[in-house]
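My notes follow the order in which I checked them.

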Amino acid sequence: MTGPSLPKADPVIEARGLTLTFQTGDGPVHALSDVNLTIDKGEFVSFIGPSGCGKTTLLRVIADLEQATGGVALVNGMTPEAARRARAYGYVFQAAGLYPWRTIAGNVRLPLEIMGYARADMDARVARTLDLVDLTGFERKFPWQLSGGMQQRASIARALAFDADILLMDEPFGALDEIVRDHLNEALLKLWARTEKTIGFVTHSIPEAVYLSTKIVVMSPRPGRIIDVIESDLPKDRPLDIRETPEFLALAHRVRMGLRAGHSYD
Amino acid sequence: MIARARAGAGARPLALGLLALLLAGLALGDARGGFGLSGWLWTLGAWGCAWGCVAGLAALNPRGALLHRAQRVGAAVIFGATLLFLWQAITVGAQVPTVLLPPPSMIAERFAGSLPILWADFVQTFVRAALFGYVVGCGAAVLAALAIDRSPFLQAGLLPVGNLVAALPIIGIAPIMVMWFGFDWHSKAAVVIVMVFFPMLVNTLEGLKAAERMQIDLMRTYAADYRQTLLKLRLPAAAPFLFNGLKICSTLALIGAIVAEFFGTPTVGMGFRISTEVGRMNVDMVWAEITVAALAGSAFYGLISVAERLLTFWHPSQRR
Amino acid sequence: MGALGPVACVLLAILAIWYGAAMGLNMAWERDQAARAKTSPTLVEMLGATMAQARPVLPAPHQVAVEIWQTTVQKKITSKRSLVHHAWITLSATLLGFGMGTVLGIALAVGIVHSRAMDMSVMPWIITSQTIPILAIAPMIIVVLNAVGVSGLLPKALISTYLAFFPVAVGMVKGLRSPDAMQLDQMRTWSATGAQMLWKLRWPSSIPYLFASLKVGVAAALVGAIVGELPTGAVAGLGARLLAGSYYGQTVQIWSALIAAAVLAGTLVGLVGLANRIVLRRMGMAR
């Protein structure tokens, strides 16, 4: 350590007492209940829990796709709506959701067109992001000509095309088989290392959460709340084999304990 | 080895087809004086061979998109030709009175001899009334749908009403339109406009709902405004529904224009020609007009289908 | 209640627009009359008069309502002036044609789904058949059939059949083909015959498509019956009423026949919709 330590930078994403209650015909549903969380720049944070624990809802509140009914959420120090208008983040959904009437390149170009980038700039960015996800050569193909894994990679490229420091991913690999999933997990980590973005990642696979993250947020349902926040001490450079090491298994065990404590296995 | 087997499979329908042609020729030759027993035998034989030819053709398994296309087109053409042949043979051979049903040869003769009249009728009914009404009606429906789209209240109110009106016999307003707009093609165009408006409106509204929730959320994350979301997502996603409506309306437009003319029209127009020639029992002229209508209608529908294939190439129904 | 509110609003708006349009369109004749009689009635008087003309350009809703009332409730059903009598004539042709068209459409669909030859050769012609404007040759068909001695209900019903069979055939082809490959394979593992597959799998899967087509078909059959009444100076049926009204300039009569036709169409489609819901509920497929 040389010299005094730098003052801690403001967190990129912050939630204080965040609450979201839905009014349904069968009574109120507490999707989120008093959620407190900070995510700093450059972190890779996984949200894990069973269905109904609020992990997707939390991500959507951060993305201003849902409105909280209580508490505060801040993204880059602004309200989620202001952050969305400032195009502060890229969002990757569970399904690739590519437009079948556009080529892969056209799909990656979509957000750039909407945000008004210059033509030359757009072409450069499309080439760069397709290279990042290893889809160079598929620019002129249509989505239905690609496999599920490749479509999801294109979806990630689309989220990386414009300058946003934050990447929010809602179970992006859930529909894919395990082998493809392993490849994509590796690719995602390499991407994260190269781009240094802050990533929020929702999953319900314990190994995936432990493998990818620097911080694991364990949630449980009824009401949706955070049970445990686990700081991962695994090295940043992780080959797939790390999943058999004792440190990894210890973290996975801690996650499982958290899920049990939240009655996720009931 | 495989090539020879494939050629063998194709030989049977080919042989049957040639046999059918031979028998058909014999039948038509015999028909001229009225059928005897042999005439009926040739006719039935030709029909049977033609059907066998189609069945054999359908059983083939051609490789490649082009051959596949040829197979389907071939089967349809042979079937159509068989119908035409049966029509000709039976009307001439059984000496069916021409007022009841004229043979195709007579219709073709009348057709060739009346081209100027047929053309004038075609322009009056199809080009002026049907086409104009179609463009204005469908255009208005799309604009109305876009306007209604911004108000969920209007949508909830108009969709059921629109569905009901689309089922009504709109053709009934023809006399009223003649009263308001006069005898000429304008009143017919007005009928067409009303006829195509509601089905097109209903289809467009359905189409505007077609974009998935997830896609709309994605647009929200890009902070895209209403216009961008409409142009880049919702309109392309609505295209299959729009074309469904356009195809339905194409047949409605022509029928509407022709039938509207039954209620009063100047001395030109397909509907006019049909109703007067029916009165004079000139059935062959009527059938000539019908041929024009069928050709125009098929061409119109075909054009829209081609446009559909070009613009909605990505839809699962277009990707065989 | 949530669904009725907007619809009620829209219907009220339509009624208001109708009154406004009637006043506007009939005003020219009123002005004419006033100029000829050299009187100068007030605007209110003139507006009132536009609502009560004998041969208005656009009859007011209440005028049409009165005419309908007079020709339905206040006339014996057997009277030749009764709208109910005319409506029944049109309805009977519609129902007969609709029934025949449905049977024909289903038969064609079953054939097309089970025979490749039929699929390739007949299906394109079924689609082409609708580009032949049957409504346009309805007069001819009626006249020709009358000449051969087939008159009355059957010719009109045949036109309705032609119009109704197409949506039923197209819809049923889609419906009979709707079970997915997995379910068809399952049937094959049980060595089900074609007839068993049809009856136990394809037919139940096609019911939603059937009802959607029946709605379109019944409306088309009604149009066919009405147009079938137009030629040869027909004297009975709603189409005949329309034609007579247009020949004699009786606009209120035209509109009342139109409204009657609309009510008939709405009722028929509604009945099919009701049958749809009942059948789907009994099949457990109601959503």
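**Entry 1: chains.** I am working with a predicted model. I started with the contacts between chains. Two pairs of chains are in contact, and chains B and C share the most contacts. Chains A and C do not touch. I looked up their nearest C-alpha atoms and found them 15 Å apart.

**Entry 2: chain B against chain A.** Next I took the contact of chain B with chain A. It takes 14 residues from chain B and 18 residues from chain A. On the chain B side, I asked which elements give two or more residues. They are helix H9 (213-221) and helix H10 (226-260). H9(B) gives the most, with 6 residues. By class, I list that side of chain B as 7 nonpolar, 3 polar and 4 charged residues.

**Entry 3: core.** I then turned to the largest nonpolar core, which has 239 residues. Which members touch the most other members? I noted B:Val192, B:Val196, B:Val259, C:Ala136 and C:Leu222. Helix H8 (residues 185-208) of chain B gives the most to this core, with 16 residues.

**Entry 4: burial of H11(B).** I wanted to know how many residues of H11(B) are buried. The count is 7 of the 10 residues, so H11(B) is largely enclosed by the rest of the structure. I listed the buried ones: B:Met270, B:Gly271, B:Phe272, B:Arg273, B:Ile274, B:Ser275 and B:Val278. What covers them includes helix H5 (115-149), H10 and H12 of chain B, together with helix H6 (134-148) of chain C. I also checked what comes after the helix. H11(B) is followed by B:Met281, whose phi is positive, near 60 degrees.

**Entry 5: H11(B) against H12(B).** Last, I looked at helix H11 (residues 270-279) and helix H12 (residues 283-311) of chain B. Their axes come within 9 Å and cross at roughly 160 degrees. The angle is over 145 degrees, which makes H11(B) roughly antiparallel to H12(B). The crossing is left-handed. From H11(B), I noted B:Met270, B:Arg273, B:Ile274, B:Glu277 and B:Val278 at this contact. They meet B:Met285, B:Val286, B:Glu289, B:Val292 and B:Ala293 in H12(B). By class, I record 7 nonpolar, no polar and 3 charged residues for this contact.

Key:
Residues are numbered from 1 along each chain as its sequence is written. Chains are lettered from A and ligands numbered from 1 in the order in which they are written. This is a predicted model: local features need pLDDT of at least 70, side-chain atom pairs count only at pLDDT 80 or more; totals for chains, interfaces and linings use all residues. A nonpolar core is a set of buried Ala, Val, Leu, Ile, Met, Phe, Trp, Tyr and Cys residues joined through C-beta atoms within 7 Å. A residue is buried if 20 or more other C-beta atoms lie within 10 Å of its own, exposed if 12 or fewer, and partly exposed in between; C-beta atoms are placed from the backbone. Helices (H or I, at least four residues) and strands (E, at least two) are DSSP runs, numbered from the N terminus. Two residues are in contact if their C-beta atoms, placed from the backbone, lie within 7 Å. Axes are lines fitted to C-alpha atoms, for helices over the stretch in contact, and angles run from 0 to 180 degrees between N-to-C directions. Angles under 35 degrees count as roughly parallel, over 145 as roughly antiparallel, 65 to 115 as roughly perpendicular and the rest as oblique. A crossing is left-handed if the near helix is turned anticlockwise from the far one by less than a right angle, and right-handed if clockwise. Ala, Val, Leu, Ile, Met, Phe, Trp, Tyr, Cys and Pro count as nonpolar, Asp, Glu, Lys and Arg as charged, and the others, Gly among them, as polar.
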